[in-house]
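Please open the structure in a viewer and keep the selection panel at hand.

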Amino acid sequence: MSSAVPTVASGEKPPFLQIDDVVKDFGGGAVAVNHVSIDIAQGEIFALLGSSGCGKTTLLRMLAGFETPTSGRILLNGKNIAGLAPYERPFNMMFQSYALFPHLTVRDNIAFGLQRDGMAKGAIRERVDAMLKLVQLTKFGKRKPHQLSGGQQQRVALARSLAKRPQMLLLDEPLGALDKKLREETQIELVNIIEDVGVTCVMVTHDQEEAMTMASRIAVMSEGRVLQVGAPSDIYETPATRFVADFIGNVNMMEGTLSVDEPDHVVIECADCKHYVGHGITGTAGMAVGVALRPEKIRLTSEKPEGEFNQVLAKVHELSYFGAFTVYHLQLPSGQMLKVSESNLARHRADPLTWDQQVWASWSPTAQVVLIH
Ligand code: ATP
């Protein structure tokens, strides 16, 4: 279900970058990129997210010009860039390994592309100074890459990518080489720098948290196709398919049957509970549907909640304390597990839960997402 590319009415500005029905078939079976259409606006940080082999790197490489689409078009400001070699595109690609020259200083690494373009020495000096300031490495200009931390090397690579003022920055797993803590800090730094410069950015990542933190919009990819495009909160709160719901964050998936189908609510009967969902869906009574319920949207109480919907009596199978929150694995009557994440607002729960205890899990009629696909 790739997002259709809207036709541009005459006089209307075309999207900044338009990926129009692009296919890349390397032959030998699976198609790496399968009829992908995405519009990217100027100034966006757009993430291609998916697990290994889903085709995200191939798509990025086609944007960079390192691969040629089998069919389809890539348009920049309405012009097809298919015929342009990588160096002729106003893009810069930053690789996971950074590919810094080890024998050159930080300054010379940043200046490299500018020198190759024949820029005047004074102008290069000014541009490199500005880039060093931007990535807060002014004091490190004379160092060699091996004398820097991983995060600092990453910033040099970014400064080098931005030095030529590309219209578009392509990032291939930009933080893949950093450990978790440094990666989290660097994600925010990187976004701040990219936003300061105002450059449009397409990044590839398999790390959903990274995509959620950094991107203004995300395309979730699987097996060469785009399953959903949206803001991080849209993808998290209203996933379009079971795959996306399961891929992004933690989710409890329950399978059931639509028993009441009204414009303002539906009822779905599952093995362990009846869901009352406070909005309509395009379905028909009797059809099989999935219900996705995020762990943080479930409450736990020792008293039975009122009514008969959106609740289940379960047994605490496992609990893990993470400081800020506790995760409970509850066993439902059918044997299915229900994951519940509870914020530790107070230092101790008023009615502490322990293993094998019975507890009521309940949720509101707006907590669930009903999935047909
Ligand atoms: P990863 O995160 O592991 O890099 P990915 O999502 O970026 O994965 P791609 O590298 O785009 O995936 O690969 C998509 C598919 O295309 C894979 O099945 C891969 O084996 C295949 N593929 C990629 N490059 C080539 C190539 N040059 N020749 C043949 N097949 C290729």
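Select Lys164 and Asp117, whose side chains meet in a salt bridge, with 3.3 Å from N to O. The model on display is a predicted one. This pair links distant parts of the chain, its two members being 47 residues apart. Lys164 lies in the loop between helix 4 (150-163) and strand 7 (168-172), while Asp117 lies in the loop between helix 2 (106-116) and helix 3 (121-134). Lys164 is partly exposed, since its relative accessible area is 37%. In general, side chains of opposite charge can pair when their charged atoms come close.

**Further salt bridges**

How many salt bridges does a search of the whole structure find? The search finds 15.

Select Glu342 together with Arg349. Their side chains meet in a salt bridge, at 2.7 Å from N to O. Is Glu342 buried or exposed? Glu342 counts as buried, because its relative accessibility is 17% and the cut-off for burial is under 20%.

Next, select Glu296 and Lys297. The closest N and O atoms of this salt bridge are 3.6 Å apart. Glu296 is partly exposed at 38% relative accessibility, and Lys297 is also partly exposed, with a relative accessible area of 23%.

Finally, select Lys24, Arg61 and Glu67, which are linked in a network of salt bridges.

Display helix 1 (residues 56-64) with its side chains. Why may this helix be described as largely enclosed by the rest of the structure? Seven of its nine residues are buried, so the description applies. The buried residues are Lys56, Thr58, Leu59, Leu60, Met62, Leu63 and Ala64.

**Helix 4 against helix 5**

Show helix 4 and helix 5 (residues 180-197) together. The two helices pack with their axes 11 Å apart, at an angle of about 20 degrees. They are therefore roughly parallel to each other, since angles under 35 degrees count as such. Their crossing is right-handed.

**Two residues with positive phi**

Select Glu173, in the loop between strand 7 and helix 5. Its phi is near 45 degrees, a positive value in a residue other than glycine. Glu173 counts as buried, with 11% relative accessibility.

Then turn to Glu223, in the loop between strand 9 (217-222) and strand 10 (225-230). Glu223 is not a glycine, yet its phi is positive, at about 50 degrees. Is Glu223 buried or exposed? It counts as exposed, at 67% relative accessibility.

**Aromatic pairs**

A search of the whole structure finds four aromatic pairs. One of them is formed by Phe243 and Phe247, whose ring centres are 5.8 Å apart and whose planes lie at 10 degrees, so the pair is stacked. Both residues belong to helix 8 (residues 242-247); because they are four residues apart there, about one helical turn separates them. Phe243 is partly exposed, its relative accessible area being 37%, whereas Phe247 is buried at 19%.

Select Phe322 and Phe325 for another stacked aromatic pair, at 5.1 Å centre to centre and with 20 degrees between the planes. Phe325 is partly exposed, with a relative accessible area of 34%.

**Last stop: charges over rings**

Two further selections place an arginine beside an aromatic residue. Select Arg294 and Tyr236: the charged end of Arg294 sits over the ring of Tyr236, 4.0 Å from its centre. Then select Arg160 and Phe101: here the charged end of Arg160 sits over the ring of Phe101, 5.5 Å from its centre.

Definitions and conventions
Residues are numbered from 1 along each chain as its sequence is written. This is a predicted model: local features need pLDDT of at least 70, side-chain atom pairs count only at pLDDT 80 or more; totals for chains, interfaces and linings use all residues. Side-chain values use heavy atoms; hydrogens and water are left out. Rings of Phe, Tyr and Trp (its six-membered ring) pair if their centres lie within 6.5 Å; planes under 30 degrees apart count as stacked, over 60 as edge-to-face and the rest as tilted. Buried means under 20% relative accessible area, exposed over 50%, partly exposed in between (1.4 Å probe, protein chains only). A charge sits over a ring if NZ of Lys or CZ of Arg is within 6 Å of the ring centre and within 35 degrees of the ring normal. A salt bridge is a side-chain nitrogen of Lys or Arg within 4 Å of a carboxyl oxygen of Asp or Glu. Axes are lines fitted to C-alpha atoms, for helices over the stretch in contact, and angles run from 0 to 180 degrees between N-to-C directions. Angles under 35 degrees count as roughly parallel, over 145 as roughly antiparallel, 65 to 115 as roughly perpendicular and the rest as oblique. A crossing is left-handed if the near helix is turned anticlockwise from the far one by less than a right angle, and right-handed if clockwise.
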